[in-house]
Amino acid sequence: MKADSTEPRAVPVLVPMPADRPFSYAVPDGMQVRPGSIVRIPLGPREVAGIVWDGACDAIDPDKLRLISEVFDCPPIDADMRRFVDWVSSYTLSPPGIVARMLLRAPEAFDPEPFVEGLQYTGNRPERMTAARTRILELASEGMAWSRSGLAHAAGVSLTVVDGLKAQGAFETAWIPPRPVVAPPDPSYAPTLLTGDQQAAADGLRAAVAADAFGVTLIDGVTGSGKTEVYFEAVAAAVEKGRQALILLPEIALTQAFLDRFQDRFGAKPAEWHSDLPPRMREKVWRQVAEGRVRVVAGARSALFLPFPELGLIVVDEEHDPAYKQEDRVFYHARDMAVVRGRIGRFPVVLASATPSVESRVNADQGRYRRLDLPGRFADAALPDLAAIDLRRAPPQRGTFLSPNLVSAVRETLERGEQSLLFLNRRGYAPLTLCRSCGHRFQCRNCSTWLVEHRFRGQLVCHHCGHHERKPDSCPECGTVDHLVACGPGVERIADEVVTTFPDARTIVLSSDIIGGVRRLRLELEAIAKGDADIVIGTQLVAKGHNFPNMTLVGVVDADLGLANGDPRAAERTFQLLSQVTGRAGRTGKRSRGLLQTYQPDHPVMRALVSGDAEAFYAREIAERERAGLPPFGRLAGVIVSALTRADAESHARELRRAAPAIGDIRVLGPAEAPLALLGGRHRFRLLVHGERRSDIQTFIRRMVTEAPRPRGTVRVQVDIDPQSFL
Ligand code: ADP
Ligand code: ZN
């Protein structure tokens, strides 16, 4: 905005649509706006919310512009957040308005929360008093306004008594502010007595928060070493300083136990932010964060786009988790963007993991991040003993999937009255169904994927687009009846096998297909923690962060599952996931075991897990990445071209390739048909852009996209900087 004395008559406004820059709008006489103001503006035939942006408008006659309709009564988006939106936009090559839209996801929250109707004592005592009436007036005469039900509840009387008093003139209507979604956290409520190592790490974090400066700390500590306890001290330090704090978690909908722990430490829960939050609650949280009434948020990656005015700390728990990558519209990695947010806001960022990403490890090794180690489990709880079961030597019986060695380990665990977890990262009953008569395989009609049988639901389901169909009795190809066979296991099939083998054991199957959604899942997790199950069969949902005190055996049904997909991070991912899932065992000091069923017991991942030598694994993995120039030693970007016909997708991908500028250190690989060649009815081709560490991959891709012909018809181009998925 110009700094002259007259109010600007036109301002740039970022609108939630894919434009390269803000649009100009005229400011009506008497309206006050400034950068960050959330405004309602006409856009085509509609009205939408936008954000007044920085900078001057194009030299357009304000009289020709459309007028801003309204400025919302809402705290403006602060400058740090605006710079963050600009940064995410130029880094991910997403239009700024589409990034800003992530910030504007709670439209009802732009208006203040309505005050609640309440009662104020007028001083008029009715003539006829009862014990109940006396109790009420004692409370009310302290001067505070009460809600009708709150007063009745506090006095322990029925609502009719309150209404009666009102009718007699003892109360008049008063408007009271809406209740906070959570009480303020109290940093000194119940500090944990930390061990020496923990205290040293906590002191390091407290110093980082006190320094009021940007810096990244990686807390590297085995599962159960107390990373959560330690970063709670950083949160306490931020809250003491009057700053807001954000804790990012990969699977927030499932972390009831985390919220309870926070409450034990701070006397109040953090506000939650994730996609399962009811809309009314979302709006309240958004608003109260913007007003600074919420001090700590625990949330999924999208919480990065909450309008914190006083953010002073971000913690990224399980920083290696792939769930932090969003692959929808704006492709961003929440861990990396959290670091950017900290740099812009000049505050510390804490990354925590038992199995850090190779990227974070390298950053720590090279001194860009500070590293704090927590070498042992709390209270001398031992890590589980890990061993491989060589499936070539000890194969399961025909038609089953659990090796006799694993079955006897489960039996021994049962006999000791302890819990077992059988882990298989595959939902449903079987990943493939085929006809034994003609060989027909059931494929999704929209995607190049097999349909997964879900026997509980009686359906064949596509895990990519959600398409589902009833499983037929006869083959749709040859018509043969009763010849369809399930190939390979999913968790439901393992559950069948367990029930057959251990008919008296109490079993629970946990996957995201659970009927009853997140609420049910939370109940089941609590039940497991309380010991109400003997054998748990689960997908990665059970791998993350839970504390099951009586669990002493973890059996990995197919340890090789993630290794074969040609992804440069396949080994790293498998190592992380299996470390994490076996880390569910032995959290309270009992002797515990982890058994990995594998056909490749000599694979470096299995060796690292069994020997417990994570350092050797990282050293090898880092050396390999460096040799191949892969992240973090080089840079990658995926460009995905899709269209309703294969020919259109392919020809546009070739046009892009032709338009690639000649910049020495950046190469383009492809186009090649994507491994997921058909997805949701769209044909897909991929280009992979590979550069050196300092390459300006964004400028390269921007030029490639602008110099190629515009995508026509159904063609769409999606850029994925730092891709995590190569499908
Ligand atoms: P991590 O986050 O590294 O997996 P946690 O912080 O969850 O580890 O700690 C593991 C368990 O040990 C938790 O039940 C936690 O409450 C307990 N614990 C860790 N440190 C302490 C401590 N200093 N005092 C009491 N309990 C602790
Ligand atoms: Zn599909």
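Select Glu 318, which sits in the loop between β12 (311–317) and β13 (325–328); here and below, helices (H or I, at least four residues) and strands (E, at least two) are DSSP runs, numbered from the N terminus. Glu 318 is not a glycine, and yet its phi is positive, at about 50°. Most residues other than glycine have a negative phi, and most peptide bonds are trans.

Before you go on, note that this is a predicted model, in which local features need pLDDT of at least 70 and side-chain atom pairs count only at pLDDT 80 or more, while totals for chains, interfaces and linings use all residues. Residues are numbered from 1 along each chain as its sequence is written, chains are lettered from A and ligands numbered from 1 in the order in which they are written, and side-chain values use heavy atoms, with hydrogens and water left out.

Next, select Pro 631 and Pro 632, whose joining peptide bond is cis, with omega near 5°; Pro 632 belongs to the loop between α17 (614–628) and β28 (634–643). Then move to Gly 670 and Pro 671, where the peptide bond is also cis, with omega near 10°, and where Pro 671 lies in strand β29 (residues 667–679).

Now select ligand 1, which is surrounded by 16 residues, the closest being Leu 193, Gly 224, Lys 227, Thr 228 and Arg 261 (a residue counts as near if one of its heavy atoms lies within 4 Å). Helix α7 (residues 227–240) gives the largest share of this shell, three residues. By kind, the shell holds four nonpolar, eight polar and four charged residues (Ala, Val, Leu, Ile, Met, Phe, Trp, Tyr, Cys and Pro count as nonpolar, Asp, Glu, Lys and Arg as charged, and the others, Gly among them, as polar).

For the next stop, show the open sheet of six strands, with the order β17-β27-β26-β18-β25-β24 and parallel pairing (two strands pair if DSSP finds at least two bridges between them). Its edge strands, β17 (385–390) and β24 (507–510), each pair on one side only. Within this sheet, β18 (residues 419–423) and β25 (residues 535–538) run parallel and are joined by four bridges, and Leu 421 stands opposite Val 536 in β25.

Finally, show the open sheet of five strands, ordered β2-β1-β4-β3-β5 with antiparallel pairing. At its edges stand β2 (23–26) and β5 (70–71), each with a single partner strand, so one side of each has no neighbour in the sheet. Strand β1 (residues 10–14) pairs with β2 over four bridges in the antiparallel sense, and Ala 10 has Ala 26 in β2 as its bridge partner.
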